[in-house]
Amino acid sequence: MRRIWKLLFGRYLLVTNTVSSGVLMLAGDMAAQEIENRINNKTASTGRDWKRMSNMTLVGLSQGPLHHYLYKWMDVFLPGASVRTVLKKIAIDQFAISPIFIITYLYSAGLLEGATITECTAELQHKYWTIYTADWLVWPPTQFINFYLITPKYRVLYINVITMLYNVFLCYIKHNNDLILPVTGKAPVD
């Protein structure tokens, strides 16, 4: 068991990070669908959207390598775990990386669902600030723990576990067109 663990978080770390991103995105979407089904009084057997779950898994798989290489780059660019260094990493994450992940999430999920670029752009315009506001509530404290306390080889796994919970929110926002947005105060037009 110890040998397998060393392989997963050593030689095969990229694979581990990629697969865990996909599996945990799937789990987040399953939870989001369960919540949606309960709100709409549907049973899981009639309300489960398998295509959506496979699309969300693919989105997660695509983000695994991005996280893997991002954290490697950050550790080279900003080595160490002093509070000052951690705050710099959080700033990079919130001001540069978070917007990139929101955009790639909405476009990749939208395109996999058959939306056009124009439709993805419209969705991004309607949902970006809702997601980005939530990011500020979740990710700075999460990333502080990640960069200050977590060993680099376990960072993506830690983030993937938190992301699984966050994905419930993301999947709900992605598939809910009845949002009231803080920027406009209006629901998006379909």
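At what angle do helix 5 and helix 6 pack, and how far apart are their axes?

Modeller: This is a predicted model, and the answer should be read with that in mind. Helix 5 and helix 6 pack at an angle of about 150°, and their axes are 7 Å apart. Because angles over 145 degrees count as roughly antiparallel, helix 5 and helix 6 are roughly antiparallel to each other. The crossing in which helix 5 passes helix 6 is right-handed, and the contact of helix 5 with helix 6 is made up, by class, of 22 nonpolar, five polar and four charged residues.

The neighbouring contacts can be described in the same terms. Helix 5, which covers residues 83-112, also meets helix 4, with axes that come within 10 Å and cross at roughly 155°, which makes helix 4 roughly antiparallel to helix 5. The crossing of helix 4 and helix 5 is again right-handed, and the residues in the contact of helix 4 with helix 5 divide into 14 nonpolar, five polar and four charged.

On the side of helix 6, which runs over residues 117-149, the partner is helix 7 at residues 155-174, and the axes of helix 6 and helix 7 come within 11 Å and cross at roughly 155°. That angle makes helix 6 roughly antiparallel to helix 7, and helix 6 passes helix 7 in a right-handed crossing. By class, 13 nonpolar, five polar and five charged residues belong to the contact of helix 6 with helix 7.

Helix 4 leads on to helix 2 by way of a charged pair. Side chains of opposite charge can pair when their charged atoms come close. Here the side chains of Arg52 and Asp29 meet in a salt bridge, with 2.8 Å from N to O, and this pair links distant parts of the chain, since Arg52 lies in helix 4 and Asp29 in helix 2, 23 residues apart. A search of the whole structure finds six salt bridges.

Helix 2 (13-39) and helix 4 (50-77) also each supply at least two residues of a nonpolar patch. This surface patch is formed by Tyr12, Val15, Val19, Val23, Leu58, Leu61 and Leu112, which together have about 560 Å² of accessible area. Its largest share, three residues, comes from helix 2, and Val15 is a patch residue that lies in helix 2.

Conventions
Residues are numbered from 1 along each chain as its sequence is written. This is a predicted model: local features need pLDDT of at least 70, side-chain atom pairs count only at pLDDT 80 or more; totals for chains, interfaces and linings use all residues. Side-chain values use heavy atoms; hydrogens and water are left out. Axes are lines fitted to C-alpha atoms, for helices over the stretch in contact, and angles run from 0 to 180 degrees between N-to-C directions. Helices (H or I, at least four residues) and strands (E, at least two) are DSSP runs, numbered from the N terminus. Angles under 35 degrees count as roughly parallel, over 145 as roughly antiparallel, 65 to 115 as roughly perpendicular and the rest as oblique. A crossing is left-handed if the near helix is turned anticlockwise from the far one by less than a right angle, and right-handed if clockwise. Ala, Val, Leu, Ile, Met, Phe, Trp, Tyr, Cys and Pro count as nonpolar, Asp, Glu, Lys and Arg as charged, and the others, Gly among them, as polar. Patches are made of residues with over 30% relative accessible area and no salt bridge: like charges are joined within 9 Å, nonpolar side chains (Val, Leu, Ile, Met, Phe, Trp, Tyr) within 5 Å. Accessible areas come from the Shrake-Rupley method with a 1.4 Å probe; for residues, only the protein chains shown count as cover. A salt bridge is a side-chain nitrogen of Lys or Arg within 4 Å of a carboxyl oxygen of Asp or Glu.
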